[in-house]
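Please examine the sequence and the three-dimensional structure shown below. The briefing that follows is arranged by topic.

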Amino acid sequence: MNRSHSAPELHVLYEAQTQSLRGSAPVAVLSFILFLSGVGALIFETLWLRLSGLAFGNSVWAAALILSSFMAGLALGNAIAAASRIRRWRPLHLYALLEVLVALLGCTIVFGLPALGEVLRPIWQLLWNYQPTLLGLRFIVSFLILLVPTTAMGLTLPVLIEDPMLRQTNFGRAIGFLYGSNTLGAVVGAVLGEGYLIAAFGLRGTSLAAALTSCIAAAVALLITQIDRNTAALVPERTLPLRLGARYRPPWRLLLVSFGTGCILLALEVIWFRFLRLYVVSSSTAFAVMLAIVLAGIGLGGVAAGMMHRRSARSNQLLPILLLLTALSVLLSYLFFPGEAVKTPAGAFSLASWPQIVLLCLALMFPVSFLSGILFPTIVALVQASVEDRMNSTGITTLFNTAGAAAGPLIASFTLLPNVGFQWSFVLCAVAYALLAALSGEQTASSVKRPIKFVIAALYAGLLLIVAIVPYHRADAPLEHASRPYELDDQGRTLAYVVKRIEGTSDTYQLLRRDLFGEPYYYRLLTNGFSMSFTSPRNQRYMRLFAYLPLAFRPESEDVLLICYGCGVTADALLHGPNVRRMDIVDISKEVFALADSYSGINYSNPLRDPRVHSIVQDGRFFLQASPKQYDIISGEPPPPKVAGSVNLYTAEFFALMKSRLKEGGIATFWLPLNQLKVEEAKAILRAFHDAFPNASVWASADQQWIMMGIKGPGRKIEAEKLRQLWDDPASGADLRRIGLEVPQQLGALFLMDGEEIDRITHDVAPLTDLYPKRLSDERWDDQASHRFALSYLEAPSAFQRFLWSPLINRIWPEALNPETAGLESFFNLRQSRYLSELIGSNELAELDLYLRRSRLRIPVLEVLGSDGFRLSIAERVAKKLQPPPLETMPDLVAGALAQRDINGAIRLLENKKDRGSFNPSDTFLLTYLYCLNGDVDKAEAFAATNAAAIKKDSFVDWLWEKLQSDFGFHPPPGMNRNR
């Protein structure tokens, strides 16, 4: 049955609807302005923080101080809004001025910060030995630089909410829509800046785009003032736009809730991002997606708050409920996180994985972010009911919220995560929200209706129940997810196991160890979910070459610097320098140094315990900028360039800093992981390195782990006797032979190209620079293209010719080791052979025959038989303790005997293995070949005939019989001759 309305009722309804429409239009227009403001502000924020890190350092403390200075500026703007009244100026006019200030000063900072870093360098160097003073000065300078634009940012929302256009609009509704729109603009800024603008226009071009956005917002605001000439609120006798002297009594309980919500949300953001990095590779795109999801939740929550708010009184009753719902969401999002259900490519820097990243971020962060977006406008509306003035209430609430937001990341990074881990951090954040709910509901308990009391009680009970039944054994699940790909092989067999885990201030570390025959074989250091360092024999080769290359060409080196410690392999090699008196090791993480005592192995000793070593916890780039010391050798092996935050360790500006810290004639070596870059990206890094070091060259073993070497000055010829010192010294000689450099000539066969060749291949490639970091994309590299590019420089004939004709080589290579008379070409052939063998496979017996009969080198023989110097040392040590040797050590012992050209010893080991019933077809072929090589052809024929039934005829068998027949006169078993 429909109820009809009387005429008065219809009139009232019509008036209400008309007023609602009149209020909606101004809110929509001003929301659009703040949306544009949010786009520009977020882009500026990311640019400022990025460039401030380059100028003032990226260490944990430096980053915290830079963030604090940024937050302090915002808080100052909030404080001014909280304590002022607008006089004479219309708020929209003042808002437009603020946006223009942000645009002008924002661009000035982006354009000027790189130059400021150069200007301040002498001051940093002067204060280097006074670290507390240096840290404080960095905070003061960064605060002063960011002061005016961040203060202007902190004023924009409080000023705009005061405009007369919104006078007839419900305050809670207005603040919700304005706050939500501003935050949604920040979402666009995060995605647009990282996803397109920086790549297309560089940092400076991106700042101009952000400035244009802010100026458009200012222009729209000015245009509105011309259309809507509402000046009733203006007081003409005042001359300044803002006048201090607001009088009101702050609602402290609500302001503490505002502080708490800001603190907890920003603490959660740190915890979330750290948690997700165990599932998602740490790329800049992944960080942009994470940030966008958080901001989108907050923005949509703000819009939802605008739609919900009709009366502030009801908000007072709903606030405890919202806080308790947020507390429950923190725990439920963690408990039901679909980490195992959503698969992301492990270790892949690929944009193709962004849908999975989005899904994981939505599941973990969106519910809490959405509720947080509702909470802030709700608190502001409640404060406004007490303060009355809209700008003051918005300003003071935002001030406390911003102060909490400044404290939250510090609490999470320095207290929660290092001490209690992920799971308890989530629990404590949920409990903190519940305490805020109790605080917010205490003053209004008598006015809360009975149904709402029941809802609040039920939410408390639900929260207590969840906290009580949280499966606390799940605390290690995220860590296990990150380590599992490196612990198990494709068949689920154990490869390695975790020996230590550390929750650091900025990253999560896990150290894995693989044992061989019960003894340590290699270690792998995981940073979050990424394998950051790995001490396998293959990796040890290039890591140690970072040290031995410069030590060979500058043996008199006394002062050396290592940037990034990793697992300590390069540090250990540098200490083998015959004249090294001091080594400074700089790493941004104290946890990496703390793990140094956790390693053990063959001839391993902790380099940090050497009295010549000085470990420094500092951002490597700022160390080069601020330290006054100069070095003979600087070596750097930072994280891969596509890991978030690492790109600025591969730019022309960074390499120029390295050169500036070298003595004349000093040498720098630096990592170029070709297998983790697109070819054009590798060329961009090469171009940047060559721009800093005109006397540059590139070296590599039989892999794609290239080493860039730069000499400050022309370089000078090294004497053969001094070069041989490294091989004559017992410690360094054993180390070099273990990694496959058994004679000095092999060092020359590592050469790939010099500066002239770098010029030729990069003449049309722009260098990687600080201002154009997106010349390294997040796109997946092309393995085939990388292989073709690498092979073009590893092919022996052309590589040998480049070596012969290189002006650099002619200046530095010893005359006594004449390339054309020292058999150097054979070592280039060996490198090509090993590269192709590892990449596409080979006929192992054919390769073994080549090494045994045409070379005296040991390591190639070991490698072709699946062993290496480290495996062999362990196997020999175990074999001495246990007789007969365990069967699992036999392949390595056989390989070791053959590496020593002890053919009889290898035969005895294989025969022993056969007698013990552990023989396979590969062993049969190898033993047959060794009988022939040892001159026992009759024995080889008899052995082959005895085992003919187990031999499956194929192309390899045909090749082997033909090889043995042509080289040794071997006759294959009856019925297995290829000609039959």
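Is Lys663 buried, partly exposed or exposed? Lys663 is partly exposed, with a relative accessible area of 25%; buried means under 20% relative accessible area, exposed over 50%, and partly exposed in between, with a 1.4 Å probe and protein chains only. This is a predicted model, in which local features need pLDDT of at least 70 and side-chain atom pairs count only at pLDDT 80 or more, while totals for chains, interfaces and linings use all residues. Residues are numbered from 1 along each chain as its sequence is written, and side-chain values use heavy atoms, leaving out hydrogens and water.

**Overall architecture**

- The protein chain has 34 helices and 14 strands; helices (H or I, at least four residues) and strands (E, at least two) are DSSP runs, numbered from the N terminus.
- The C-alpha trace spans about 120 × 65 × 50 Å along its principal axes.
- Of the 980 residues in the protein chain, 59% are buried.
- The accessible surface comes to about 39000 Å², and 58% of it belongs to carbon and sulfur atoms; accessible areas come from the Shrake-Rupley method with a 1.4 Å probe, and for residues only the protein chains shown count as cover.
- Among contacts (heavy atoms within 4.5 Å) with a separation of 6 or more, 78% are between residues 24 or more positions apart.

**Salt bridges**

- A salt bridge is a side-chain nitrogen of Lys or Arg within 4 Å of a carboxyl oxygen of Asp or Glu, and the count by this rule comes to 44.
- Arg538 and Glu838 meet through their side chains in a salt bridge of 3.1 Å, N to O. Arg538 lies in helix α13 (residues 537-553) and Glu838 in helix α26 (residues 824-840), so the pair ties together parts that are 300 residues apart in sequence.
- Both partners are partly exposed: Arg538 has a relative accessible area of 32%, and Glu838 has 41% relative accessibility.
- Asp632 forms a salt bridge with Lys663, and their closest N and O atoms are 3.3 Å apart. Asp632 is in strand β10 (residues 631-636) and Lys663 in strand β11 (residues 662-673), so that distant parts of the chain, 31 residues apart, are linked.
- Asp632 is buried, with a relative accessible area of 4%.
- Salt bridges that share partners join Arg554, Glu556, Asp559, Lys629, Asp632, Lys663 and Arg716 into one network.

**Helix packing**

- The axes of helix α17 (residues 652-660) and helix α18 (residues 679-692) come within 8 Å and cross at roughly 35 degrees. Axes are lines fitted to C-alpha atoms, for helices over the stretch in contact, and angles run from 0 to 180 degrees between N-to-C directions.
- The contact is made by Ala652, Phe655, Ala656 and Lys659 of α17 and by Ile685, Ala688, Phe689 and Ala692 of α18.

- Gln883 and Pro884 are joined by a cis peptide bond, with omega about 0 degrees. Pro884 is found in the loop between α29 (869-881) and α30 (890-899).
- Cys564 is not a glycine, yet its phi is positive, at about 85 degrees. Cys564 is located in the loop between β7 (559-563) and α14 (569-574), and is buried, with a relative accessible area of 16%.
- Arg901, also a residue other than glycine, has a positive phi near 60 degrees. Arg901 lies in the loop between α30 and α31 (903-915) and counts as buried at 14% relative accessibility.
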